[in-house]
Amino acid sequence: MEIRNVAVLGCGLMGSGIAQVSATAGFEVTVLEVEQKFLDKGFAGIEKSLAKFAEKGNLKEAPQTIRARLKGTTRKQDLADSDMVIEAIVENVAEKRQMFSALDPIVKHKAILASNTSSISITELLSATKRPERMIGMHFFNPVPLMKLVEVIKTIATAPEVYENAYEFAEKLGKVPVRTSDKTGFVVNRLLVPYLLDAIRAYEEGVGSIPDIDNAMKLGCGYPMGPFTLLDFVGLDTTYYITQVMYDEFKERRFASPPLLKRLVMAGWYGRKTGKGFYDYSDPNNPVPGQF
Ligand code: 3HC
């Protein structure tokens, strides 16, 4: 099946990134949001990012040409003609199920339905539609325009041709897809989450300060960011939510939230997006580490 029209559900950090890379790759993209103001914010971010790529000579077309392939809407009916639907709304099973269920009678039958969830089981979403064989997971990484990886996730119901179509679509976006099955956390979060949580435990146990642990992993292992910088970047609320889903699934301590993570989330300190997390971003160019 040829994919031409892409629908992206949600214009937050992940949705806007997915929309941007899809339009950059030449697809016609429609982004669905609940309110126009969220579209405006997401599209402003896309324009900024495209301008950066253009400045570096990393775009094959003018940013305006790419931007012209992006449309925003608040009406589900506008997605009827989509070939590929990628959901990137809030990490909440009930809301995702409701969204897929509402779109099922609207979007054409041949369309592929993908979720960008990082931890929710794709299988749990299947019964929200009448086409479980056309559902898959496509897990992108933040920041989507820069990160090369897409985890392509198959369930026991996914039709082989749907899976291959989605895999090829990820390649057309200029990404490197990896094949994985619908096991909670897939590949990356299965390995990344225990590492991030262990960094918090190490701090709680007095192994080192926040900047020392960050520098140790950055300079000692060649990671682009230390664990606390990455936690603030991903979002502590997001990470906390993932730990709950993973702990619920595996009942293993390595996936359980350390008390400090829970405290920061309860305080509303979600990391970069709220200006405060393990670091204080009052001056974004000079984050100040917290002492807890
Ligand atoms: N669009 C265009 N350009 C961008 C951009 C964007 N969205 N974001 C950053 N850039 C540019 C910057 O402006 C900068 O340009 P410059 O060199 O001209 O100044 C360049 O990219 C490099 O950025 P930075 O200097 O800010 O920093 P880095 O060199 O460290 O690169 C990074 C940034 C790619 C984010 C790198 O730090 C990195 O790889 N970090 C790890 C990210 C990661 O692990 N992500 C996965 C998180 S897990 C996840 O998403 C899964 C979920 O389920 C939890």
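Helices (H or I, at least four residues) and strands (E, at least two) are DSSP runs, numbered from the N terminus. I looked up what follows with that in mind.

**Entry: the model.** I note that this is a predicted model, in which local features need pLDDT of at least 70, side-chain atom pairs count only at pLDDT 80 or more, and totals for chains, interfaces and linings use all residues. Residues are numbered from 1 along each chain as its sequence is written, and side-chain values use heavy atoms, with hydrogens and water left out.

**Entry: K251.** I found K251 in the loop between helix 10 and helix 11. Its phi is near 55°, a positive value in a residue other than glycine. Is K251 buried or exposed? K251 is exposed, because its relative accessible area is 53% (buried means under 20%, exposed over 50%, partly exposed in between, with a 1.4 Å probe and protein chains only).

**Entry: F186.** I then looked at F186, where phi is near 50°, again a positive value in a residue other than glycine. F186 sits in the loop between strand 8 (176-181) and helix 7. F186 counts as buried because its relative accessibility is 5%.

**Entry: the cores.** A nonpolar core is a set of buried Ala, Val, Leu, Ile, Met, Phe, Trp, Tyr and Cys residues joined through side-chain atoms within 4.5 Å. I read that the largest one has 39 residues, and that V6, V29, M84, M138, F140 and F169 have the most contacts inside it. Helix 6 (residues 160-172) gives the largest share of this core, six residues. A second, separate core has 24 residues, including I200, F228, L261 and Y281.

I also listed the contacts (heavy atoms within 4.5 Å) of F169. Neighbours within four places in sequence aside, F169 is in contact with I3, V6, S22, F27, M84, I86 and M138.

**Entry: helix 9.** Which residues are buried in helix 9? They are P227, F228, L230, L231 and D232. The cover over the buried residues of helix 9 includes helix 7, helix 8 (210-221), helix 10 (236-250) and strand 9. After helix 9 comes G235, with a positive phi near 110°.

**Entry: R201.** R201 is in helix 7. R201 counts as buried because its relative accessibility is 7%. A polar atom of the R201 side chain lies 2.6 Å from the backbone oxygen of A256. That is a polar contact (a pair of N or O atoms within 3.5 Å; within protein, one must be able to donate a hydrogen and the other to accept it, and residues adjacent in sequence count only if both atoms are side-chain atoms).

**Entry: the ligand.** Which residues come nearest to the ligand? Of the 17 residues around the ligand (one heavy atom within 4 Å), they are S49, K56, S118, H139 and N142. Helix 2 gives the largest share of this shell, three residues. I noted these distances:

- A polar side-chain atom of K56 is 2.7 Å from an oxygen atom of the ligand.
- A backbone N or O atom of N142 is 2.9 Å from a nitrogen atom of the ligand.
- An N or O atom in the side chain of N189 is 3.1 Å from an oxygen atom of the ligand.

**Entry: the N142 peptide bond.** The peptide bond from N142 to P143 is cis, with omega near 0°. P143 lies in the loop between strand 6 (135-140) and strand 7 (149-154).
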